[in-house]
Amino acid sequence: MPQVLKDEVRERILLSALQVFAAHGYVGATMTAIAEGAGLGTASLYRYYASKGELFDAVVTPALAERFESLLEQRVRALAHVVLSDEPRPVDDQGEEMLRFWVENRLAVVVLLDRAEGTAYAHYGERFVEQLVATTLAQIRDAHPGVRVSAAARFVLTRIFENTRRMLAAILAEHESERVLREAIQGFWSYQIPGLRSFTAWVNGQS
């Protein structure tokens, strides 16, 4: 008789896989740990997914990654605008849309930002940082024509946004509650935005 694969079991497997990938990364994850998290034996897991790679592709899909990149492009522009304005923090329609995406895909976003080594998304976090840096520098140059951005300034800004990437991943990994997650992200922006404004003023003063 053909095997009967149950949707409820598949859902348990996918949830366990996300939890294990988010906690240990793709490289550190094992099919045994995923099976245990789903309440299955490892042999039973292989009846649903033939490999760790196949399981990863089921929980971090190209459509999800593309949606994140699209939202990120909009959000980065808004964030750079806030840094160069008097707005207290980056709250707008794009920001709410991005936050909602993070809430709904919390663990997958953790993987994309900080746990994707060994997969097709291994450089996703790096691109996240590069986009933040490039857009922020473009906004600075637009606001202050003739400003000179030194190699040291670019180095510092890159490290600032590396911290942003890791902090957002840590917040998402730590907090399941949407209320607490929102509070933590707002707290981070309350620290990040003034620092970026001071950095922008410093860059402008160097020219």
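A charge sits over a ring if NZ of Lys or CZ of Arg is within 6 Å of the ring centre and within 35 degrees of the ring normal. The model is predicted: local features need pLDDT of at least 70, side-chain atom pairs count only at pLDDT 80 or more, and totals for chains, interfaces and linings use all residues. Residues are numbered from 1 along each chain as its sequence is written, and side-chain values use heavy atoms, with hydrogens and water left out.

**View 1. Lys52 and the ring of Tyr26.** The charged end of Lys52 lies over the Tyr26 ring, 4.5 Å from its centre. Tyr26 also belongs to an aromatic cluster with Phe21, Phe56, Phe68, Phe101, Tyr121 and Tyr124.

**View 2. Surroundings of Phe68.** Leaving aside residues up to four places away in sequence, Phe68 touches Met98, Phe101, Trp102, Val109, Leu112, Leu113 and Tyr124 (contact: heavy atoms within 4.5 Å).

**View 3. The tilted pair of Phe188 and Trp189.** Rings of Phe, Tyr and Trp (its six-membered ring) pair if their centres lie within 6.5 Å; planes under 30 degrees apart count as stacked, over 60 as edge-to-face and the rest as tilted. The structure holds 10 aromatic pairs. In the pair of Phe188 and Trp189, the centres are 5.6 Å apart and the planes stand at 40°, so the pair is tilted. Phe188 is buried, at a relative accessible area of 5%, and Trp189 is likewise buried, at 12% (buried: under 20% relative accessible area, 1.4 Å probe, protein chains only).

Definitions and conventions:
Buried means under 20% relative accessible area, exposed over 50%, partly exposed in between (1.4 Å probe, protein chains only).
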